[in-house]
Amino acid sequence: QVQLVESGGGLVQAGGSLRLSCAASGSIASINFMGWYRQAPGKQRELVAQMTVAGSAYYADSVKGRFTISRDNAKNTMYLQMNRLKPEDAAVYYCNSDLTLNGATWSRNYWGQGTQVTVSS
């Protein structure tokens, strides 16, 4: 069984910073990519940032220059440093990963339970 556990969400004033973490645990053979999605009330879930095992990063235009995704491959942990937060960044942030379990042939996609980010104006 695989678990993706997020932490680091909370309430912050506009212009402030938060750092989210996502730790993957279980019988994991390899992780292809890890990423962060977010979903605000009444809106669709959207990709915020994603990083491959090789270190290539993708950012949504709305967060470029403010958010930084990073990974610690040895710990199967991913981070999202969020700076200069705006009220429109408020959402539930979900960790997502495509990974292969030990003994498995194919990779599967997994989700964390989400962590709330609230930005006050």
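Modeller: Leaving out residues up to four places away in sequence, Thr115 touches Glu6, Gly9, Leu20, Ala91, Val92 and Tyr93, where contact means heavy atoms within 4.5 Å. This is a predicted model, in which local features need pLDDT of at least 70, side-chain atom pairs count only at pLDDT 80 or more, and totals for chains, interfaces and linings use all residues. Residues are numbered from 1 along each chain as its sequence is written, and side-chain values use heavy atoms, with hydrogens and water left out.

One of the residues touched by Thr115 is Gly9, and the side chain of Thr115 reaches the backbone nitrogen of Gly9 at 3.3 Å. A polar contact is a pair of N or O atoms within 3.5 Å; within protein, one must be able to donate a hydrogen and the other to accept it, and residues adjacent in sequence count only if both atoms are side-chain atoms. Thr115 has a relative accessible area of 11% and is therefore buried (buried is under 20%, exposed over 50%, partly exposed in between, with a 1.4 Å probe and protein chains only).

Thr115 lies in strand E11, residues 115-120. The protein chain has 11 strands and zero helices; strands (E, at least two residues) and helices (H or I, at least four) are DSSP runs numbered from the N terminus. The radius of gyration of the protein chain is 14 Å, close to the 14 Å that the globule rule gives for 121 residues, so the chain is as compact as a globular protein of that length. That radius is taken over C-alpha atoms, and the rule is 2.2 Å times the number of residues to the power 0.38. The C-alpha trace spans about 50 × 25 × 25 Å along its principal axes.

Of the 121 residues, 42% count as buried. Among contacts with a separation of 6 or more, 55% are between residues 24 or more positions apart.

Gln1 counts as exposed because its relative accessibility is 83%. Neighbours within four places in sequence aside, Gln1 is in contact with Ser25, Gly26 and Ser27. Gln1 and Gly26 are 25 residues apart in sequence, and their C-alpha atoms are 5.6 Å apart in space.
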